[in-house]
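Trainee: I would like a close look at one helix and at what surrounds it. Please take it slowly and give the cut-offs as you go.

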Amino acid sequence: MELRRSRVIAAAIFLGLLGAIVPIAAMVYISWMIAVEKQQDNLERVAEQTIMRASRTFEDAKLALDSLAYPRLPPCSPQHIARMRVIAFNTPSVAEVGYIENGRLKCTSWGVEEGEVSKAPVDYVTPDGLEVTTHVQPAASMGNPVMALHYGSYSVLMDPARFVDILVEDDISLALANQDGLLISKLNSPDPELVDALIGEPRKGMTSASLYAVARDKGLIAIAMEPRSNLAAKLRQEQLLLLPVGAFIAAFIVGIVAWLSRKRLSPLGELSIAVRKREFIVHYQPIVELKTGSCIGAEALLRWQRPDGSLVRPDLFIPLAEESGLILPITDQVIEAIILELGALLRMDRSMHVAVNLSAADVTSGRALDVLEDRLAGTEIEPRQIWLEATERGFIDIDAARSTLARARERGHAVAIDDFGTGYSSLQYLQGLPMDALKIDKSFIDTIGRNSATSSVTSHIIEMAKTLDLQIVAEGVETEEQADYLTARDVHFGQGWLFSKPLPAPDFIRYYRNAKARQGNGRGNIRVVAA
């Protein structure tokens, strides 16, 4: 019992710790995942906005270049230059417009180009047919390096920053590239090596140092990234929301574990486990014919054997089993044990019987009769070899008891009243109940030879049983004086430590065979006390 309790307590502590740690750890992990997901989603929105901004910028440049073709004006005439200037002014993303002829820059929105300026080499062509040069030094304005877009005879110069001109936090970096990985524009100095590594990556992810998201559309790739250190603030926000939930779940689980552990450690919980694990065994106390000393059967006595081999006294668990209803499956296990352990002996000797105690619930319902009929089917054990003993506690509902005992006798079982004189029985009940035997309780046998107030009751019980033509079994016979007293009054059978203590099946079978052998040798009246 202590071993099982120790195991239950150890398991409860382990499960309690697990129940406390896992929910909180899960909430920490979920907080981390939510924080990462939110940051990555934010970066993904930034990357998509960058794609949209870059696409609009390319579209603005294409519209500007298309509008230069009409109306046709004399190249580099004042009207032509004025038109290029108007278009550059009306297109915010365009810094300068130029006219190219035979690969040479002839004029710009600033005026006629006097020097020899060649068309910049093309880095790539967009799906719309725009030729893009990513790095150009303006010849006319002599400003900072810009991006040149060519279409037909015209080109426009644009600040690369226009392609990533969106509002972002200072710690978010942006990189815009084409589908071939050529960098077009950048913001907040993104890590070039990381940009190169992420060109072919999926939409979002994380490295050891950075979070990132990638968006793709119209031949453009936008990469938004930020340091992982930014997660700390977001993680704290999520933990403030989720850790209380984890703590509540942990407290709930710990409470459930504590409740289940207490239930499991309770007597009823222990008994339920014993029923489920079939920890009950049967010992058999020989029933002896007093005049001959012949063993004519046994009473099946229930024992609860713990996994450590220790036995629990029946008076400690049978009342609880009866109160809880667990006595019903226990009775079934007793019946099955009798058939398994003594079946061969019962088939060999038809004069032998085994007495089975019925609980009050079985006496009232008669359920055990159906169980017996089912278990005995095909065993060749005769119903008359199974005696049914009903204690007086089962007679509270006398009509139900009468019906059950009558059915038992109809099916061939002998019926005995166990522990007579300790319960609710009266002569009126005995006269109205169908029965075959009466068992005198040990408390009355103990008064034999003593000058006590109840010593005379035993003889009255014996006479009453004879009047009703019942067989009599004396329980708890421990002395020769008691045996002689009972024999002198024609009590048929006795059981008790004078003959044998309750025995496991192998020992009982040995005892039974030895008793039969002694009877055959004319030594039947010798008392046999089992060790």
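**Helix H2 and its setting**

Mentor: This is a predicted model, in which local features need pLDDT of at least 70 and side-chain atom pairs count only at pLDDT 80 or more, while totals for chains, interfaces and linings use all residues. Residues are numbered from 1 along each chain as its sequence is written, and side-chain values use heavy atoms, with hydrogens and water left out.

The protein has 15 helices and 21 strands; these are DSSP runs numbered from the N terminus, helices being H or I of at least four residues and strands E of at least two. Of its 531 residues, 48% count as buried. Buried means under 20% relative accessible area, exposed over 50%, and partly exposed in between, with a 1.4 Å probe and protein chains only.

Helix H2 covers residues 78-90. H2 has 13 residues and reaches 18 Å from its first C-alpha to its last, close to the 18 Å expected at 1.5 Å a residue; the expected span is 1.5 Å times one less than the number of residues.

Which residues of H2 are buried? They are His80, Ile81, Met84, Ile87 and Ala88. Seen down the axis of H2, these buried residues fall within an arc of 125°, so they line one face of the helix. The arc is taken from the directions from the helix axis to the C-beta atoms. On the other side of H2, Pro78, Gln79, Phe89 and Asn90 are exposed.

The loop between helix H1 (2-67) and H2 holds Cys76. Cys76 has a positive phi of about 65° although it is not a glycine. With a relative accessible area of 18%, Cys76 is buried.

At 38% relative accessibility, Asp490 counts as partly exposed.

As for the protein as a whole, residues 24 or more positions apart account for 63% of the contacts with a separation of 6 or more, a contact being heavy atoms within 4.5 Å. The protein exposes about 26200 Å², and carbon and sulfur atoms supply 56% of that area. Accessible areas come from the Shrake-Rupley method with a 1.4 Å probe; for residues, only the protein chains shown count as cover.
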